[in-house]
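Please read it with the sequence and the structure at hand.

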Amino acid sequence: MSRTEPTKTDSTPEKRPPVNFSDARGPSASETEVGSVFVSNYPPFSAWQADALPEYEDVIEQAPERASELGLYLHIPFCRKRCKFCYFRVYIDRNADQIQHYLDSLAREVEIYSRKPAVADRPLKFVYFGGGTPSYVAVKHMKQLWNRVRAAIPWDDVEEVTFECEPGTLTESKVHTYREMGVTRLSLGIENFDDAILRENGRAHETKEIHRCLPWIREASFDQLNVDLIAGMVGETWETWKDTLEKTIDVDPDSVTIYQMELPFNTVYSQGILKDGEPVKVADWETKRAWNEYAIDRLCEVGYEVSSAYTLVKSSGKAAGEGRFVYRDALWHGADMLGTGIASFGHMQGVHIQNVASWNDYLDSLAEGRLPWGRAYKTSAEDLLTRELILQMKLGNLDLQPFREKYGVDPLDRFFGAFETLEGEGMLRIRDRRHVELSRPGLLRVDSLLSNFYAERYQNARYT
Ligand code: SF4
């Protein structure tokens with residue numbers, strides 16, 4: 001898995017004084033609470049409604065007035081095992097026939113979209129195979145999907161094709177297939193290099209499987225190899241985290257993405273806490289931030305630079321200075337995206353859309369030739385301004401001038417209270433009324449700051 005993690009920035013946020021590691025779990029440390037979320041969109045999903053589906057239909061049935069960038073997300077919701085911290089729509093019990101049926105439906109969804117006026121003749125800028133575990137799918141089935149999708153929407157000019165992998169599902173032949181499919185960015189969900197921690201957290205892979213697949217990946221020479229890590233898996237200690245960092249550095253990826261462990265409501269861990277009264281075993285936020293900060297500092301020491309709140313990229317080499325995470329950049333700057341697959345979300349010409357979240361509803365809709373829409377939201381200019389602003393805040397550095405030009409509003413005036421509060425708390429700094437720079441403390445807790453910018457009616461709204 002990898003959450004939608006938009007763009008890179010050229011600046012390195014200011015450093016804060018070194019953390020006293022022994023104090024990282026102090027009495028004032030804040031517990032990781034059930035219900036914490038990673039912000040990937042705005043307004044919150046709970047505001048999206050089936051009533052708004054006609055608005056989405058309207059934009060899909062019209063050629064767009066302005067030619068914005070277009071991307072395609074393909075959701076592959078299968079995994080070998082359910083990680084105990086996972087909150088995604090995934091299936092671990094589907095057989096080969098069911099998987100084939102799903103992939104046929106997914107291809108069909110793309111084919112139907114490709115004939116719609118809003119999509120026809122528009123070049124794709126990026127493609128993202130996410131999950132779930134796209135690498136779970138057999139070579140034969142993946143090739144069939146790819147052939148049908150690229151026949152429907154030509155992607156020869158696509159700038160980036162990302163493919164998410166779980167190490168234990170990879171084979172040499174799969175890796176070669178991804179190269180043949182034009183994958184440019186392979187994202188490897190390593191998460192941790194300690195087998196006991198991987199097991200405790202319900203991960204399907206072990207470290208020997210990481211080492212087994214790396215030579216195949218290196219030989220295939222993708223434009224970019226990204227490694228995902230999670231700071232704060234259950235059982236993590238300073239020793240294991242530092243060891244994971246050193247082993248990640250040995251892998252020598254082009255980028256490293258680090259998430260802090262959260263507890264949304266529907267994870268195995270959260271349910272254990274809520275239903276069975278189990279103690280919270282996830283490290284508190286101060287500790288996770290300290291681990292994350294250590295990782296940032298250590299990776300910067302060996303030649304990486306901060307690209308966003310979550311991602312570091314090599315400051316020299318293939319990934320340097322090229323804004324390589326096209327998916328993230330495009331999405332966070334307001335691109336259109338077809339979100340295909342069960343429960344996927346997308347955006348077209350000002351309207352958000354999410355597909356149905358039920359297996360049968362998804363397959364039945366497509367069997368009847370209907371796009372499997374579940375709920376939508378027609379944004380206002382103010383919603384779009386807020387959405388782009390909060391998502392780009394995650395870069396750690398924000399240029400306000402493009403917002404003034406695009407929306408005719410000065411964000412410093414519109415969000416005066418939020419900026420003033422966060423600047424007062426040392427979370428960010430405003431330079432020349434043009435640039436917003438998050439401090440290191442601000443960057444490490446950016447998701448928790450974003451609701452300051454929400455419209456009042458969404459301040460306390462449920463996220464999903
Ligand atoms: S690999 Fe684990 S975290 Fe990722 S989607 Fe599958 S179950 Fe969820």
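1. Two strands are taken to pair if DSSP finds at least two bridges between them. Helices (H or I, at least four residues) and strands (E, at least two) are DSSP runs, numbered from the N terminus. On this basis, β13, β15 and β14 form, in that order, an open sheet of three strands with antiparallel pairing. The edges are held by β13 (397–399) and β14 (428–431), each with a single partner strand, so one side of each has no neighbour in the sheet. On average, neighbouring strands of this sheet are turned by 15 degrees against each other, direction ignored.

2. The model is predicted: local features need pLDDT of at least 70, side-chain atom pairs count only at pLDDT 80 or more, and totals for chains, interfaces and linings use all residues. Residues are numbered from 1 along each chain as its sequence is written.

3. Within the sheet of point 1, three bridges connect β13 with strand β15 (residues 435–438) in the antiparallel sense. Leu398 has Val436 of β15 opposite.

4. Strand β8 (residues 311–314) is joined by three bridges to strand β6 (residues 255–260), and the two run antiparallel. Here Thr257 faces Thr311 of β8. Three bridges also join β8 to strand β7 (residues 304–306), again antiparallel, and Glu305 is opposite Val313 of β8. A hairpin of four residues leads from β7 to β8.

5. How do helices α2 and α11 pack? Helix α2 (residues 96–114) and helix α11 (residues 359–367) meet at an angle of about 55 degrees, their axes being 10 Å apart. Axes are lines fitted to C-alpha atoms, for helices over the stretch in contact, and angles run from 0 to 180 degrees between N-to-C directions. The two helices are therefore oblique to each other (under 35 degrees is roughly parallel, over 145 roughly antiparallel, 65 to 115 roughly perpendicular, and the rest oblique).

6. The contact (C-beta atoms, placed from the backbone, within 7 Å) involves His101, Tyr102, Ser105, Arg108 and Glu109 of α2, with Tyr362, Leu363 and Leu366 of α11.

7. His101 belongs to helix α2. His101 counts as partly exposed because it has 16 C-beta neighbours inside 10 Å (20 or more is buried, 12 or fewer exposed, in between partly exposed, with C-beta atoms placed from the backbone). Although 262 residues separate His101 and Leu363 in sequence, their C-alpha atoms are 8.0 Å apart.

Note on methods
Two residues are in contact if their C-beta atoms, placed from the backbone, lie within 7 Å.
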